[in-house]
Amino acid sequence: MSDVVRYAVDAGIATITFDSPANRNAISVALVEQLSDCLVDVRDDDAARAVVLTHTGGTFCAGADLSEAGRSRPDVMIDLMRSILELPKPVIGRIDGHVRAGGFGVVGACDLVAAGPKSTFALTEARIGVAPAMISLTVLPRLTSRAASRYFLTGEKFDAATAQDIGLITAAVTDSAALDDIVAGWCADLRKGSPQGLAASKALTTASTLRDFDRDAERLVEQSATLFASDEAREGMTAFLTKQPPPWVTS
C-alpha cells in the first residue's frame, strides 16, 4: 500500500498531511487506515503537543472514494472522527483547497480550522442520492440551524468567508502567507499550554459533541449504509463517475 498520509514532528507540533492528490485526497481505505495510525502515533508521542492536519494538491478532501464503494466499512469513518475528537491534543485544520462531502466530517472534528483563498466547501450528498448522515455528528454542532438546512439541502458551493460566518471554520484568510501565519500563531499559543491543561480544556469543548456522537452513531451508520446500497444512490454515483446528470435532475 502506498503512503497517502505523511507524518512529521517539529518543534512540538505534529503535521499530518493528506498526500493523495490523484484522487483529490478522497476518503479511501488506505487514507483512513494511515490517518488512524498517525493519530495513534501522535497520541503516544510525548514530543507532539498539537497537530496540524493539512493537504497537498488543490483539494483538502473530496469525501468518500466512490470508486471503492462497497469495500470500505461505514463504521471506520465513525472511528476516525471520534479519534480526532477524543485525541488529548488540539488538532488544527489548515486548508487551502476544496472540501466536499465526507471531508466535512474531518473539518468538523478539528478544534481550530483556518482556510485560505483557494478553499471552497459543498455538501453534495443529496445530489447523488445519499445524505451527510455520519458526518453530521461533527458538522451539525458547528453550524447554525439555518446554515445546516441550506447547505445540507442545496449542495451549493460556498467560500471560506461563509464557512467562518456559519461556524464551520475558525478563520478565513485572504492569502496563503496569512494562512501560514495564523496557523503558526496558534501553534505558538498551544506550545504555552501544559499537556494536562490542553487535554482537559479540549475535553470540555468536545464533551457534548461526544455525548451526542455516542447516542446517534450506530443509527447514522445504519442509515448511511441503507442509502448507499439503494438503487437511487447507485444511479447517482454512476452519474457522478461518468460525469452525467442523474435521472432525477430536471431542467
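Strand β1 (residues 5–10) pairs with β2 in the antiparallel sense, over six bridges; strands count as paired if DSSP finds at least two bridges between them. This is a predicted model, in which local features need pLDDT of at least 70, side-chain atom pairs count only at pLDDT 80 or more, and totals for chains, interfaces and linings use all residues. Residues are numbered from 1 along each chain as its sequence is written, and side-chain values use heavy atoms, with hydrogens and water left out. Helices (H or I, at least four residues) and strands (E, at least two) are DSSP runs, numbered from the N terminus.

**Around strand β2**

- Two residues separate the strands in the β1–β2 hairpin, where Ala11 takes a positive phi near 50°.
- On to β3 (residues 50–55): β2 pairs with this strand in the parallel sense over six bridges, and Thr15 stands opposite Val52 there.
- From β2 the chain crosses through helix α1 (residues 29–44) to β3 in a right-handed β-α-β crossover: with the strands pointing away from the viewer, the path from the first strand over the helix to the second runs clockwise.

**Around Asp111**

- Look for Asp111 in the loop between α3 (103–109) and β7 (112–115).
- Its side chain reaches the backbone nitrogen of Val91 at 2.8 Å.
- Beyond neighbours within four places in sequence, Asp111 has contacts (heavy atoms within 4.5 Å) that include Lys89, Arg142 and Thr206.

Conventions:
A polar contact is a pair of N or O atoms within 3.5 Å; within protein, one must be able to donate a hydrogen and the other to accept it, and residues adjacent in sequence count only if both atoms are side-chain atoms.
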